[in-house]
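Keep the structure open beside the text as you read.

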Amino acid sequence: MKQPVSQYQESKDRSYYEARGEIIWEVPTEQKVIALTFDDGPNPQTTGEILDLLNQYGAKATFFVVGYRAEMYPEIILREAKEGHELANHTYSHPYFKKTTPPSVIEAEIKRTDEILRKITGDRPALFRPPGGFYNESLVSESKKSGYLTVLWSWHQDTNDWKSPGVKRIVNKVVNNAQNGDIVLFHDHVNGSRQTVEALKEILPILHERGFRFVTVSELLTFQHSRSVHNE
């Protein structure tokens, strides 16, 4: 489960990593582009429904995949890849990495999912998101050593859908705060909940009507016009 924003950081602050380009929260751009991201899947029911909705709006998304679930549902991973979505690494078993977590454990979690996704799709992911949004020097270092860019999400676009807060809350969080270059955090696997699917039925047409284009995180990065330090 995701923790409050105040608990994400365990070492240097956001501005340090953002200025160095080592962690991405959002992308400064004048273009009306937004990246929808989905964690913790695949799920045999909801992921397919989400893909159907994305297809209706010509939307591309980034799926931060948990390795053991990819092993369970490789056909969903293949569908995501074939439909032009981006697959990214979200560890094998979804552990929370603390300052005391040995680097070898972080490396193993990343590498195992990397190998699974390569085996299924033939391609290597480029992006990594640590479970819970926890980051520190060791995490960033291991991610870089493994050839990954660490990606989190816009703080104003954390839907908390994993808590099943209600469809309207999820919808309002996204549409009331949507800005160019946002990275939105959803989950395509939430035990016993369809709220993310139902919320997307409202979010996608609203943002589409406003002129937003839905792109993968890697595509979003190509729109970056400058590196900025975010102040909260």
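Lys-145 and Glu-142 form a salt bridge, with their closest N and O atoms 3.3 Å apart. "Salt bridge" here is a side-chain nitrogen of Lys or Arg within 4 Å of a carboxyl oxygen of Asp or Glu. The two residues sit 3 positions apart in helix 6, so about one helical turn separates them. In general, an α-helix has 3.6 residues a turn, so residues three or four places apart point the same way. Lys-145 is exposed, at a relative accessible area of 61%, whereas Glu-142 counts as buried, at 5%. (Buried means under 20% relative accessible area, exposed means over 50%, and partly exposed is in between, using a 1.4 Å probe and protein chains only.)

Before going on, some ground rules. This is a predicted model, in which local features need pLDDT of at least 70 and side-chain atom pairs count only at pLDDT 80 or more, while totals for chains, interfaces and linings use all residues. Residues are numbered from 1 along each chain as its sequence is written, and side-chain values use heavy atoms, with hydrogens and water left out.

Helix 6 (residues 137–145) also takes part in a link between distant parts of the chain. Glu-22 and Lys-144 meet through their side chains in a salt bridge of 2.9 Å, N to O. Glu-22 lies in the loop between helix 1 and strand 1 (23–24), and Lys-144 in helix 6 is 122 residues away. Glu-22 is buried, with a relative accessible area of 9%, and Lys-144 is partly exposed at 48%.

Now step back to helix 1 (residues 14–19), where Glu-18 and Arg-14 are 4 residues apart, or about one helical turn. These two form a salt bridge, with the closest N and O atoms 3.3 Å apart, and both are buried. The structure holds 16 salt bridges.

Leaving aside residues up to four places away in sequence, Glu-80 touches Thr-47, Leu-51, Phe-63, Val-65, His-85, Leu-87 and Asp-188. A contact means heavy atoms within 4.5 Å.

Thr-47 and Leu-51 are among the buried residues of helix 2 (residues 46–56), along with Thr-46, Gly-48, Ile-50, Leu-53 and Leu-54. The buried residues of helix 2 pack against strand 2 (33–39), strand 3, helix 4 and helix 8 (195–209). Just after helix 2, Gly-58 takes a positive phi of about 60°.

Phe-63 stands opposite Leu-87 in strand 4. Strand 3 (residues 61–65) and strand 4 run parallel, joined by 4 bridges; two strands pair if DSSP finds at least two bridges between them. Strand 4 (residues 86–89) is covered on both faces, with Glu-86 and Ala-88 buried on one side and Leu-87 and Asn-89 buried on the other.

**An enclosed strand**

Which residues cover the two sides of strand 7? Ile-183, Leu-185 and His-187 are on one side, Val-184 and Phe-186 are on the other, and all are buried. That makes 5 of the 5 residues of strand 7 (residues 183–187) buried, so the strand is largely enclosed by the rest of the structure. Strand 2 runs parallel to strand 7, with 5 bridges joining them, and Ala-35 stands opposite Ile-183.

**The whole chain**

Zooming out, the protein chain has 9 helices and 8 strands. These are DSSP runs numbered from the N terminus: helices are H or I of at least four residues, and strands are E of at least two. Buried residues make up 54% of the 232 residues. Among contacts with a separation of 6 or more, 79% are between residues 24 or more positions apart. The C-alpha atoms fill a box of roughly 45 × 40 × 30 Å, taken along the principal axes.
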